[in-house]
Amino acid sequence: MKTDVLIIGGGPAGLNAAIETASRGIKTIIIEESYALGGQLKQQTQFFNNLPKQFDRQRGIHLMRTLIDRLSPLPITCLLKHKMIGVYKDGRIGIANDTETFPIDAKKVIVTTGAAEETDLFPGWTLPGVMTVGAAQILINRERVLPGKNALIVGLNSFSAEVAKQLKACGINILGVMDKTVSVNDKKLVEGLEDKKIRVMVNTVIERATGAGEVKKVTINNDGKKEDLDIDLICIGKGLAPILEPLEILDCEFGFQAKLGGLVPKYYSTLGTSNPSVYVAGNAAGITCLGGILLTAEIAALNALKALGVLNDNEVKVRSSFLWDELRSMESEESIETFIARVAHIKEFHEECELPLPASFHAILEGC
Amino acid sequence: MTDQYDIVIIGCGVIGSSIAYHLSEYKQKRILVIDKGFPLSGTSGSTQAWVWVHNKVPSWYGELSMYSAELYPFLERKIGDVEYKRTGGIAPFFAQTDWDKALRLAEEQAEVGIKVEVLTRDQVLEKEPALSPKIAGATYSDMDGNVNPFRLVELYIKAAKRNEVEFSFYNPVTEMVMEKDHYKIYTKNKKDAITTERVILAGGPWSKEIGELLGLDIPVKQVRGQVIITEPLAPFLKHTIGGMRQAENGEVLIGFSKEEVGYDRRTTMDVIQETAQMAINYIPSLAKANIVRSFSGVRVIPEDGFPILGKIPDKKNAYIAAMHSGVTLSPLVGTLMAELVMVGETSICLKRYSLKRFMNYA
């Protein structure tokens, strides 16, 4: 199989990148390991107010529909239930489903593998009834299964707070959302939870979870004071980390950026990595908001098109600078630290390669 | 803390850490081990970790491996449980014409006391029923086994630390200067030189680069081995089999490849597919197993295949230990190198293993 662009991961970033490349008539293949496109949007029933200009404000599941509708008239190959499993000596990408393994020869690869949830380890964390907030959200919104009756949420962030509210709306009693520390930036989150009568427990850690065959009880430690709670559901929301395996296999270099989720592939202002044929976008390029996911995908696709000789320099320059501006405002609204870390990450890699940043990028640097 | 040592060991893989531990047992010297990265981030952490004796030839080399394997149970009593398991090793062959070769191997190894049996197909299948009925036979020795390399290196380091050996990680050596009665070693993270009376090179696949710092040409190659790992399977392989073994957690580690591609830790689909195919040839039931990951290890192999051990000719108080099969040989090499440094002579003659054999004295 041959293609101009191979996109690894059919979530929001992969779909938006594919719309960009396929609408230019460029041969595009998406590899998606699950049974359907859309990635984690499949269960995001919450409303997203902060989306790029070309999208109306809408719920995650509706955005998924919007993206798939835009993509469907375009000439594109979607390989569902297919995984990238390796790279051949000659650079072709190894793809497998359950029955066969075959190579894809791609001129450019855009990695949009997204992120995985971080977990938390405590005695009893393997008991049934202990799960990530993302898993709980899949159960209520996609599988229509109530994961428990009395829940404790571990870790406070925008996603865990959102899922806490959704679980409560399903009739689950939320005993609290707990975390070791709560920063001033979380003030809005805390207020939002308290509005919904959900208790926020600061300075609190889990000592252990117990139960025979399933979780029944949890011992928490609030600033030295221990307390036992009767629960049947613990949801862990410790944030996200980029999924990097395909980038490792593709021999991309990595750098550490705590604010982007830890280890992140190094990339230029084009979102091109140290491997000249590989671009990265979405949460795989650093944990960000949905707006950031969509915009980085467009920037990566745009630059892949430029490298393929489809777009001219000037067109890319004008659109890039527009997209970067939008990315700045979008990420700043959620957390300015993400954007600052992203720009620092890019600047570092340009300096390391002694490659000057494009002129349009200087204005962005000054803005930080 | 001064930066003066009696002995500096460069490289903290299975060999460097074993030498450090064995030297520290004498409790006489100030010892520092320097590594460019972190222990187990290189070769010693990317191995199937066999303790493999039976087809190491010629027999004098097999003998070295045998003595080292014999030391493992004693080592465990001193440094703790390294999960050494003497499983016995099976090296199957498919061609009837390999019978003679197998018999010759058994004969040769018997001369030094390595017991190798040549098994018929039925005998092999009785020992290891999962093997393919297509094999013609196998050589077998009860001396072979495997070890957990992570525990091994960690426990060498812990035991050495208890004996006050110091360690400096993420600190590549950049320069070495030989002065009248000591060496000055410059590293990336320290402004001032580290001074030491003696230096031991244990750089594994980086031995060439480290040797160059002393103006030496260490004749070693870097060889990549790609290993694939299955999902955890119910225990079904009792022995260490040529090319594969089942780990304690049920995963089967499989690897046959050897490539000279420099220090490139990537895996390639070509080799992964070949490796999987070979595994199925050996054990047909593996065709149904899922492969969950793969990794590459870059091993060191001296040009002639045999260990380079001992004093470095023409360099005062400088030593080298570079070899393939570092996991198998580490208990013995640690013991012998410590004897050489502390006593000046070794209980097994190392003359055959000297770097001198590669040097051209025109």
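Is B:Arg151 buried, partly exposed or exposed? In this predicted model, B:Arg151 has a relative accessible area of 33%, and it therefore counts as partly exposed. B:Arg151 forms a salt bridge with B:Glu83, in which the closest N and O atoms are 4.0 Å apart. This pair links distant parts of the chain, since B:Arg151 belongs to helix 5 (residues 149-162) of chain B, while B:Glu83 sits in the loop between helix 2 (59-79) and strand 4 of chain B, 68 residues apart. B:Glu83 also counts as partly exposed, with a relative accessibility of 24%.

## Other salt bridges

Over all chains, the count of salt bridges comes to 36. One of them joins A:Asp69 to A:Arg65, with the closest N and O atoms 3.8 Å apart. Both residues lie in helix 2 (residues 60-71) of chain A, where they are four residues apart, about one turn of the helix. A:Asp69 is partly exposed at a relative accessible area of 45%, and A:Arg65 is partly exposed as well, at 43%.

A further salt bridge is formed by A:Lys217 and A:Asp230, whose closest N and O atoms are 3.3 Å apart. The two residues are 13 residues apart and lie in separate strands, A:Lys217 in strand 15 of chain A and A:Asp230 in strand 16 of chain A. A:Lys217 is partly exposed, with a relative accessible area of 34%, whereas A:Asp230 is exposed, with a value of 53%.

Strand 15 (residues 217-222) is joined to strand 16 by six bridges, and A:Ile220 stands opposite A:Glu227 of strand 16.

## A covered strand in chain B

Strand 6 (residues 137-141) of chain B is mostly covered, five of its five residues being buried. In a regular strand, side chains alternate between the two faces of the sheet. Both faces of strand 6 of chain B are covered, with B:Gly137, B:Thr139 and B:Ser141 buried on one side and B:Ala138 and B:Tyr140 buried on the other.

Strand 6 of chain B pairs in the antiparallel sense with strand 4 (residues 89-93) of chain B over five bridges, and B:Ala91 has B:Thr139 as its bridge partner. Strand 6 of chain B also pairs with strand 5 (residues 117-120) of chain B, again in the antiparallel sense, over four bridges; here B:Gly137 is the bridge partner of B:Thr120.

## Nonpolar cores and a buried tyrosine

The largest nonpolar core has 75 residues, of which A:Ile104, A:Ile110 and A:Leu250 touch the most other members. Helix 7 (residues 290-307) of chain A gives the most to this core, with 11 residues. Beyond its neighbours within four places in sequence, A:Ile104 is in contact with residues including A:Met1, A:Leu6, A:Ile31, A:Leu79 and A:Ile95. Apart from this core lies another, of 62 residues, among them B:Leu23, B:Val53, B:Met66 and B:Ala159.

B:Tyr319, found in strand 18 (residues 318-322) of chain B, counts as buried because its relative accessibility is 1%. Leaving aside neighbours within four places in sequence, its contacts include B:Arg198, B:Ile200, B:Ile312, B:Met337 and B:Leu340. The C-alpha atoms of B:Tyr319 and B:Leu340 are separated by 9.3 Å, although the residues are 21 apart along the chain.

## Where the two chains meet

Nine residues of chain A are in contact with seven residues of chain B. The area buried between the chains is about 710 Å², and carbon and sulfur atoms give 58% of it. A:Tyr88, A:Lys89 and A:Asp251 supply 60% of the area that chain A buries against chain B, more than any other three residues.

The rule finds one salt bridge across this interface, and the side chains of B:Arg266 and A:Asp251 meet in a salt bridge with an N to O distance of 3.5 Å. B:Thr268, in the loop between strand 15 (252-254) and helix 7 (269-282) of chain B, is buried because its relative accessible area is 8%. Not counting residues up to four places away in sequence, B:Thr268 touches A:Val87, A:Lys89, B:Arg224 and B:Gln226.

Note on methods:
Residues are numbered from 1 along each chain as its sequence is written. Chains are lettered from A and ligands numbered from 1 in the order in which they are written. This is a predicted model: local features need pLDDT of at least 70, side-chain atom pairs count only at pLDDT 80 or more; totals for chains, interfaces and linings use all residues. Side-chain values use heavy atoms; hydrogens and water are left out. Buried means under 20% relative accessible area, exposed over 50%, partly exposed in between (1.4 Å probe, protein chains only). Two strands pair if DSSP finds at least two bridges between them. A nonpolar core is a set of buried Ala, Val, Leu, Ile, Met, Phe, Trp, Tyr and Cys residues joined through side-chain atoms within 4.5 Å. Contact means heavy atoms within 4.5 Å. Buried area is the accessible area (1.4 Å probe) that two parts lose on being put together, summed over both.
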